[in-house]
Amino acid sequence: MTSTLTPSTSRASFAIGSEQTAKRVVDRLTESFFEGQAAIAAFEGPDGRWDVTVHFTESPDQDSIRELVGLAAGDEVARDITFDTIEAKDWVKTTLEGLVPVRAGRFIVHGSHDRSKVAPNQLGIEIEAALAFGTGHHGTTRGCLLLLDHVLRAYRPRRVLDLGTGTGVLAIAAAKALQGKVLASDIDPLSVRTARENARLNGAGNLVQTIQASGFSAPEFADRGPFDLVLANILANPLKQMATPMARHLARSAVVILSGLLPPQANGVIAAYRARGVMLLKHLQIEGWSSLLMRYTR
Ligand code: SAH
């Protein structure tokens, strides 16, 4: 039964020599897929080489992917793309074993084996199976946690939303820090289940409400909003598309934390939100990813 609930995922991986080319490829791929069809990640290696991984919800046409990547990065890169399928059980087995805890302000994200390393003045978030994105090791998650830590020093939001919750890491962080309720949503049913399980594991099961939805397309957003704080660590294009529905669900002077964008994509996202009255306060860059702190001025 569980195997039908945890489908396998197709993956394409390749390496690129320069940051500029990597960004061009990421942009090209992001433009070519509808939201929810593909998740694209680019990481800079210590040698300056960029590793790009694309996860597809449905098995992609390999020739078209090669052609798309070839146009942006050249034939050699396109030829060297490897395609594989990740079986659901491999995802489930992936744990944070061996990964060091990640600190971000008051927060520390850790696996169960590092539970004892959480200091009394730290707020631990235990994330076990890396079944969904969001172990805290990614620059975008850390950027969001740092901005969340910063915001909560002087602000106590009542209605909180974590859009694209993945493992639930940001929702759990906010719920624990505020001892308050958080709505956590994801387009991916597997992420929703993982987030729910992780919230329970972290003693925040009754604070974090998880729902499956694409963007703001569920009645819960209107029921639980308007929000005083929205965390959305997704990708540049879906974030831009969500600017209008997001603004509609914001309370006066709401704080918005956006992440999942590469620095060259940041201006486009900032402009889309500015047009809806959401203004940039702070722009963090971590490991080649941008995180934005914004405030609703309407
Ligand atoms: N919030 C987590 C996970 C970020 S990964 C963290 O900070 O670590 C981005 C998540 O957004 C994925 O789980 C993906 O399934 C989800 N997502 C992508 N497009 C979405 C959309 N249109 N609506 C809701 N969730 C979406």
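Predicted model: local features only at pLDDT ≥ 70, side-chain atom pairs only at ≥ 80, totals over all residues.
**View 1. An open sheet of three strands in the order E5-E6-E7, with mixed pairing.** The edge strands are E5 (102–104) and E7 (123–126), each of which pairs on one side only, and the twist from one strand to the next averages 20°. Between E5 and strand E6 (residues 107–110) the pairing is antiparallel and extends over three bridges, with Val-102 standing opposite Val-109 of E6. Helix H7 packs on this sheet, where H7 touches E6 and E7, and the direction of H7 makes about 145° with that of E7.

**View 2. Gln-179, a residue with positive phi that is not a glycine.** The phi of Gln-179 is about 50°, and the residue is found in the loop that lies between helix H7 (169–178) and strand E9 (182–186). Gln-179 has a relative accessible area of 60% and is therefore classed as exposed, the cut-off for that class being over 50%.

**View 3. Ser-253, a residue other than glycine with a positive phi.** Here phi is near 60°, and Ser-253 has its place in strand E12 (residues 250–261). With a relative accessible area of 32%, Ser-253 is partly exposed.

**View 4. The cis peptide bond that joins Gly-225 and Pro-226.** Omega at this bond is about -5°, and Pro-226 is found in the loop between helix H9 (219–224) and strand E11 (227–233).

Methods:
Residues numbered from 1 in each chain as written. Heavy atoms only, no water. Helix = DSSP H or I, 4+ residues; strand = E, 2+ residues; numbered from the N terminus. Buried < 20%, exposed > 50% of the residue type's maximum accessible area, 1.4 Å probe, protein only. Pairing = 2+ DSSP bridges. Axes fitted to C-alpha atoms, helices over the stretch in contact; angles between N-to-C directions. Contact = heavy atoms within 4.5 Å.
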